[in-house]
Amino acid sequence: MNPEFTALVEPDGVRATDPIERTQFDLHASSAVSPEVADTDAFYFPVDTAVSVRTDSLRTTKGLDVYVRDDAGEMVGQSSGGSELDLPADAYNLELANTQMKVYLAVESEVAISGSTEAVELSFGDETTVEVGARSLHQTPAGTITVPDDTGALMDAVSLLGSALKTTTCERSFPTLRGHPPLLEPGEEFRVEGDIERPETGVKIEVPDEREAIYAVAPLAFYLGASVVPGDDPRLLTDEFSHSLDAPGGLEAGVRRVLQQVFFLDCVTRTEGYYEVDLRERKRLEPDVDLDFESLYDEPLAEQLRRYLDVPFEVVEPHLPQWKVTMDVSPTHENVAVLPFAADELAFVRCPDQPDPSVVEPEPSELEAFYRSADDGEAPVSDVIQPDPADTIEHVWVGDEMPIGASKATPEALKRRLDATPKHHISVDVVCNDERMREEDVVGDIYGTRDLYDFDVSLHNDLTTEELRDLLESGTDFLHYIGHVTDEGIECADGMLDVADLETSGVRGFILNGCRSYEQGETLVEKGSQVGVVTLTKVGNDPATDVGKELARLLNHGFSMQSALSVVTDVSTFDRQYVVVGDGSTDLVQPKCGTPSLITADSSEKGQISLELDPYPSLSLPLGSLTNIKLGREAVSSLNSSFVQETVNIEALNEYFDDQTSPVQIDGEICWTDEITGEDI
């Protein structure tokens, strides 16, 4: 299941394919090449597979950053977005950043880099041997820990989450050096299966002997490789110091503060290590703190923690990047299985009290519209709740209730993210079972309008119950359904199909864009689907059509299901009608270049444009990844979850728009950079 290399013809080159993550990366050559198996020892960073080719140049099919090191691993040059770099003949390792898998080149030649944010040219002078190595970003848990219904055993299990760390230095803030924590499963007896051993970090976390407290500290324990032990006063401690975890707002707030502060300062400190980049966040932070990052880099973890946490949180807080996800977890014994996934995403974990039920009513403006419902007499949904708001990019609810404004996940759905099967193309089926809704079936033209992927998009009209059953059980990657849905089933040409009658659901992801589709969607997830977008109430046909089209385009450009829905509902009145069931972090495809972002643009004085970039990190580009933003002449290195605000002129904005395809929020509507210019704002 390692990456595979094949030769390309017309254009000539080499293709790396990751069968686990179902993605590929192409390098075009100046003439035909014949990849031959090569030794993986030629690379500074570890690779799974390598080949060698003879060529004088290679060209990428996307804009990216290139980090160049000598054969001892020292950084000797960097190119951002195709900026020019010329190096004399020597032995070099080149890292191609922001790719769907880790890709490296090893050469002994001169190196010249040029290009743009659309493609990068790598020239080596004369024809030479270029070794190409690749490493899958897929991270598999090293084993499973069975946890009985006992808080002591739960502490022991959470103490082992850090066994996945590939380093205990600040470099673990890079997602590829963290690894996926071992799985936790509820059971009768404590049992550890697999290669699982906690690193010796000298860090402990004391918390009350309560399940809620242990759940809350799990991501922090993972990131610090810390042991969790009982104590009346929650605190983080080493042999040298102690830091209270009891903050305004309680333990959960205290854990959140420490996790944010330590992670962020690790990201800044690591600029003295593998990647000596001119990080935007470091520039802004340094005037406010008395920290010597050069000396900090070489200190052991315990000393780094002491010096990090000597800085008041209020000083660091204005510089913190956005956080990806808050997980509200009902602290049952069964939900212990959620903790490895919360830790993997460095989530803020909360164990909320039982919330009061809410009642979701249709939007009044839609009461006269044509509804996607076969029954106009349906009552409003009464079995949903309104969780406390979360100021993270995503919000996940793990419990029996259906949440408003958050995705509803289950342990089983989260585990399915580990079960990716090797495929080289993505199948999408668009089903429209009502001729009055045919306007939305144009989404079939939206899916698959991306290079780098092989899509198989099929459009179906007026399917019978048997035909839809076959499709749902077939194993297609994505289903976009347009039509009527009730609690009793999905409308077909010859009646209603209740998905509860399916043996299994083979559809990985879906959109059920019909009224009150949440019960059918929940059942699809229970039957085997990973994620879906559903509705809680009636929705009018015209706005539902708009939502369906925008979701399709966002998914097609690398937004996760939850992120795509968040973008749509940020600019729509339908934030209470649509919800994600299952694993909202699932994406259909990976983004073409860097972390997907929502752009907000407003005109300001003297022809200037006020620009805001709101990023949406994903499982393929998690917290801690680097990104480069080019607004004007220079590209700026930044953390991929940092909110960016800049003022630019129209010329710089148009150049930025020309370099990518991203959603833009203007006056409450979603536009796209390939459809507008700065003059339209």
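Asp 26 turns out to be buried, at a relative accessible area of 8%; here buried means under 20% relative accessible area, exposed means over 50%, and partly exposed is anything in between, with a 1.4 Å probe and protein chains only. The model is predicted, so to speak of local features takes a pLDDT of at least 70, side-chain atom pairs count only at pLDDT 80 or more, and totals for chains, interfaces and linings use all residues. Residues are numbered from 1 along each chain as its sequence is written, and side-chain values use heavy atoms, with hydrogens and water left out.

The partner of Asp 26 is Arg 15, and the closest N and O atoms of this salt bridge sit 2.8 Å apart. A salt bridge is counted when a side-chain nitrogen of Lys or Arg comes within 4 Å of a carboxyl oxygen of Asp or Glu. Arg 15 belongs to strand β2 (residues 13-18) and Asp 26 to strand β3 (residues 23-29), so the pair ties together parts eleven residues apart in sequence. Arg 15 is partly exposed, with a relative accessible area of 21%. Helices (H or I, at least four residues) and strands (E, at least two) are DSSP runs, numbered from the N terminus.

Across the whole structure, the search picks up 30 salt bridges. Another one brings together the side chains of Lys 283 and Asp 278, at 3.3 Å from N to O, and here both Lys 283 and Asp 278 are exposed. Then there is Glu 345 with Lys 324, at 2.5 Å from N to O. That pair links distant parts of the chain, 21 residues apart: Glu 345 is in the loop between α8 (339-344) and β19 (348-350), while Lys 324 is in the loop between α7 (313-316) and β18 (325-329). Glu 345 counts as buried at 7% relative accessibility, and Lys 324 does too, at 2%. Salt bridges with shared partners join Lys 324, Glu 345, Glu 394, Arg 417 and Asp 583 into one network.

As for charge overall, the protein carries 48 positive and 133 negative side chains, yet the centres of the two sets lie 2 Å apart. Lys and Arg count as positive and Asp and Glu as negative, leaving out His and the chain ends; each charge is placed at NZ of Lys, CZ of Arg, CG of Asp or CD of Glu.

Zooming out, the fold has 15 helices and 40 strands. The radius of gyration is 25 Å, close to the 26 Å that the globule rule gives for 681 residues, so the protein is as compact as a globular protein of that length; the radius is taken over C-alpha atoms, and the rule is 2.2 Å times the number of residues to the power 0.38. Along the principal axes, the C-alpha trace spans about 75 × 65 × 55 Å. Buried residues make up 60% of the 681. Of the contacts (heavy atoms within 4.5 Å) between residues at least 6 apart in sequence, 70% join residues at least 24 apart.

Helix α12 (residues 518-526) is largely enclosed by the rest of the structure, because seven of its nine residues are buried. Among them are Tyr 518, Glu 522 and Leu 524. Gly 528 follows α12 with a positive phi, near 135 degrees. Ser 34, by contrast, is exposed at 56% relative accessible area and lies in the loop between β3 and β4 (36-37).
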